[in-house]
Amino acid sequence: MSKTSPWHSIKQNVHHNNTSCKTGNNIEPENLRSGTGGKPLCKECERLK
Ligand SMILES: [Zn+2]
C-alpha cells in the first residue's frame, strides 16, 4: 500500500493515487496522464488508502 502522486486515464471519469489499484495500473500508456484531471478519486483507490 503506497501512496503516490495522482494520475488518471483520459478514458475514465476518475483519478487514481494508489499503486495497488488494478484499474489504475491497467491504464494504457497512451491514455495515461498525470494529475487528477479534476476528476474524483476512484472507488478502489478510496478503499485501498
Ligand atoms: Zn484507482
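Helices (H or I, at least four residues) and strands (E, at least two) are taken here as DSSP runs, numbered from the N terminus. This is a predicted model, in which local features need pLDDT of at least 70 and side-chain atom pairs count only at pLDDT 80 or more, while totals for chains, interfaces and linings use all residues. Residues are numbered from 1 along each chain as its sequence is written.

**Overall architecture**

- The protein has 2 helices and 3 strands, which follow the pattern β-β-α-β-α when read along the sequence.
- Taken along the principal axes, the box filled by the C-alpha atoms of the protein is roughly 25 × 20 × 15 Å.
- Of its 49 residues, 20% count as buried, a residue being buried if 20 or more other C-beta atoms, placed from the backbone, lie within 10 Å of its own, exposed if 12 or fewer, and partly exposed in between.
- Among contacts with a separation of 6 or more, 48% join residues 24 or more positions apart, where contact requires C-beta atoms, placed from the backbone, to lie within 7 Å.

**L32**

- L32 belongs to strand β3, which covers residues 32–34, and is partly exposed because 14 other C-beta atoms lie within 10 Å.
- Leaving aside neighbours within four places in sequence, L32 is in contact with W7, S9 and I27.
- The C-alpha atoms of L32 and I10 are separated by 6.7 Å, although these residues are 22 apart along the chain.

**K49**

- K49 is found in the segment after α2 (43–48), and is exposed because 12 other C-beta atoms lie within 10 Å.
- K49 and S20, 29 residues apart in sequence, are 9.4 Å apart in space, C-alpha to C-alpha.

How values were computed:
Contact = placed C-beta atoms within 7 Å.
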